[in-house]
Amino acid sequence: MRITIAGKIGSGKSTVSKELSKITGYTVYSSGTFFRETARKMGMSIEDFNIYSETHPEADYYTDETQKAFMMQNDNIIVEGRLAGWISYMNGITAFRVFLYATYYTRLVRFAGRENIDIDSARSLMDKRERSEKERYKKLYGIDIDDLSIYDIVVNTEFMKPDEIAVHIANRIDEMSRKEIFTPRLS
């Protein structure tokens with residue numbers, strides 16, 4: 001089984017993916033880590049790389065094609081990233097798609113803590129990055145990343161601990177897989 005974990009900045013994608021990996025034994029592939037590593041190799045901050053990607057679509061295509069190939073060639077994996085669900089959906093890759101939700105201010109505080117920056121700087125960076133990504137994904141793929149209709153489950157991450165969220169997701173997968181009519185969405 002393939003599981004995709006998507007969500008906006010600070011929603012808990014990486015943390016929940018790690019916890020879900022402990023339960024399932026699946027390997028986690030993080031598109032964010034790959035994107036950050038590519039930015040680092042090019043000597044750019046993630047924000048500068050996002051700006052670069054706005055005029056160099058090959059940066060996104062490369063990351064997304066790598067993610068697509070990984071999903072097609074592997075099973076028993078968790079792929080986390082803002083476009084993970086959409087990439088599986090657009091390419092007809094069978095996956096259980098999860099979207100993690102948190103309010104703007106919760107995500108802002110988490111992002112500031114993760115990046116070790118003040119709230120005002122975090123707000124500026126997060127807003128700029130999310131705006132850039134939303135516009136790029138619409139332009140490159142014609143998708144609205146705020147459209148949650150492709151997901152099998154949407155989970156609010158504000159009121160549960162990461163390990164509880166992972167258990168909730170695993171239980172939902174198990175519950176749905178027991179139903180004869182359930183088939184993870186192909187497209």
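This is a predicted model: local features need pLDDT of at least 70, side-chain atom pairs count only at pLDDT 80 or more; totals for chains, interfaces and linings use all residues.

Reader: Where is serine 11 found?
Author: Residues are numbered from 1 along each chain as its sequence is written, and side-chain values use heavy atoms, with hydrogens and water left out. Helices (H or I, at least four residues) and strands (E, at least two) are DSSP runs, numbered from the N terminus. Serine 11 is in the loop between β1 (2-7) and α1 (13-24).

Reader: Is serine 11 buried or exposed?
Author: Buried means under 20% relative accessible area, exposed means over 50%, and partly exposed lies in between (1.4 Å probe, protein chains only). The relative accessible area of serine 11 is 1%, so the residue counts as buried.

Reader: Which backbone oxygen lies 2.8 Å from a polar atom of the serine 11 side chain?
Author: Contact means heavy atoms within 4.5 Å, and leaving aside neighbours within four places in sequence, serine 11 is in contact with Leu100, Ala102, Arg107, Arg110 and Thr157. The oxygen you ask about is the backbone oxygen of lysine 8.

Reader: Which side chain makes a polar contact with the side chain of glutamate 80?
Author: Glutamate 80 has its place in strand β3 and, at 3% relative accessibility, counts as buried. Not counting residues up to four places away in sequence, it touches Ile5, Lys13, Ser14, Ser17, Val28, Tyr29, Ser30, Ser31 and Gly32. A polar contact is a pair of N or O atoms within 3.5 Å; within protein, one must be able to donate a hydrogen and the other to accept it, and residues adjacent in sequence count only if both atoms are side-chain atoms. At 2.6 Å, the partner is the side chain of serine 30.

Reader: How is α3 oriented relative to α4?
Author: Axes are lines fitted to C-alpha atoms, for helices over the stretch in contact, and angles run from 0 to 180 degrees between N-to-C directions. Helix α3 (residues 46-55) and α4 pack at an angle of about 105°, with their axes 5 Å apart. Angles under 35 degrees count as roughly parallel, over 145 as roughly antiparallel, 65 to 115 as roughly perpendicular and the rest as oblique. The angle therefore makes α3, relative to α4, roughly perpendicular.

Reader: What handedness does the crossing of α2 and α4 have?
Author: Helix α2 (residues 31-41) packs against α4 at about 145°, with the axes 10 Å apart. Ser31, Phe34 and Phe35 of α2 meet Asp60, Tyr62, Thr63, Thr66 and Gln67 of α4. A crossing is left-handed if the near helix is turned anticlockwise from the far one by less than a right angle, and right-handed if clockwise. The crossing of α2 and α4 is right-handed.

Reader: How many charged residues take part in the contact of α4 with α7?
Author: The axes of α4 (residues 57-73) and α7 (residues 119-141) come within 11 Å and cross at roughly 80°. Pro57, Asp60, Tyr61 and Asp64 in α4 meet Arg136, Tyr137, Leu140 and Tyr141 in α7. Ala, Val, Leu, Ile, Met, Phe, Trp, Tyr, Cys and Pro count as nonpolar, Asp, Glu, Lys and Arg as charged, and the others, Gly among them, as polar. By these classes there are five nonpolar residues, no polar ones, and for charged, three.

Reader: Near what value is phi of asparagine 116?
Author: Asparagine 116 is in the loop between α6 (104-115) and α7 and, with a relative accessible area of 70%, is exposed. Most residues other than glycine have a negative phi. Phi of asparagine 116 is positive, near 60°.

Reader: And near what value is phi of asparagine 76?
Author: Asparagine 76 is in the loop between α4 and β3 (77-80), and its relative accessible area of 40% makes it partly exposed. Here too phi is positive in a residue other than glycine, with a value near 55°.

Reader: Last one: which side chain does a polar contact of 2.7 Å join to that of aspartate 147?
Author: Aspartate 147 lies in the loop between α7 and β5 (153-156) and counts as partly exposed at 29% relative accessibility. The polar contact joins its side chain to that of serine 149.
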